Amino acid sequence: MNSDPIADYLTRLRNAIKANHRVVEIPSSNIKKEITKVLYEKGYIQSYKFDDSGVQGTIKVALKYNPSTKQSAIVKLERISKPGLRKYAGHDNLPRVLNGLGISILSTSKGVMTEKEARDQNIGGEVLCYVY
């Protein structure tokens, strides 16, 4: 039993990047699918595929690397809101990561989005993670 599936998702991505894997398979859930879509839209991963066969299904994520330096597009993945201590941010104090160079992913009433999109829509939510 996994008590924090989002932390498990981020850890699997982090470990695959450290091992220079091209593709990583992750057990699927709706929130993980939405986080994957945000990472793809912002250019942190190359592609993804949802495989819904079986009981739970999987997410196949193709990681993005710089061809000349072999360095990943993702430098750091950091979990912010944990099951033991939830972190929420209102629309007036949304976090900025590396002065706008990174993104923070939020779970809002209108779905999973970045802090920039939440700021544009004037809504707050739970800060899930930082990516840069």
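Start by selecting Thr11, which sits in helix H1, residues 5-18 (helices are DSSP runs of H or I with at least four residues, strands are runs of E with at least two, and both are numbered from the N terminus). This is a predicted model, where local features need pLDDT of at least 70 and side-chain atom pairs count only at pLDDT 80 or more, while totals for chains, interfaces and linings use all residues. Residues are numbered from 1 along each chain as its sequence is written, and side-chain values use heavy atoms, with hydrogens and water left out.

Back to Thr11: buried or exposed, or something in between? Thr11 has 31% relative accessibility, so it counts as partly exposed (buried is under 20% relative accessible area, exposed is over 50%, and partly exposed lies in between, using a 1.4 Å probe and protein chains only).

Select Leu13, Ile35, Leu39, Val61, Leu63, Ile105 and Val131, the residues with the most contacts inside the largest nonpolar core, which has 25 residues. Such a core is a set of buried Ala, Val, Leu, Ile, Met, Phe, Trp, Tyr and Cys residues joined through side-chain atoms within 4.5 Å. Colour H1, strand S1 (23-27), helix H2 (30-41), strand S3 (58-63), strand S6 (103-108) and strand S8 (125-131), and you have the elements that give two or more residues each to this core. Which element brings the largest share? That's H1, with six residues.

Zoom in on Val131. Leaving aside neighbours within four places in sequence, its contacts (heavy atoms within 4.5 Å) include Leu39, Tyr44, Ile74, Lys76 and Leu77. Val97, Gly102, Ile103 and Ile105 are on that list too.

Finally, zoom out to the whole chain. You'll count three helices and eight strands, running α-β-α-β-β-β-β-β-β-α-β from the N terminus. Along its principal axes, the C-alpha trace spans about 40 × 40 × 25 Å. Of the 132 residues, 39% count as buried. Take the contacts between residues at least 6 apart in sequence, and 60% of them join residues at least 24 apart.
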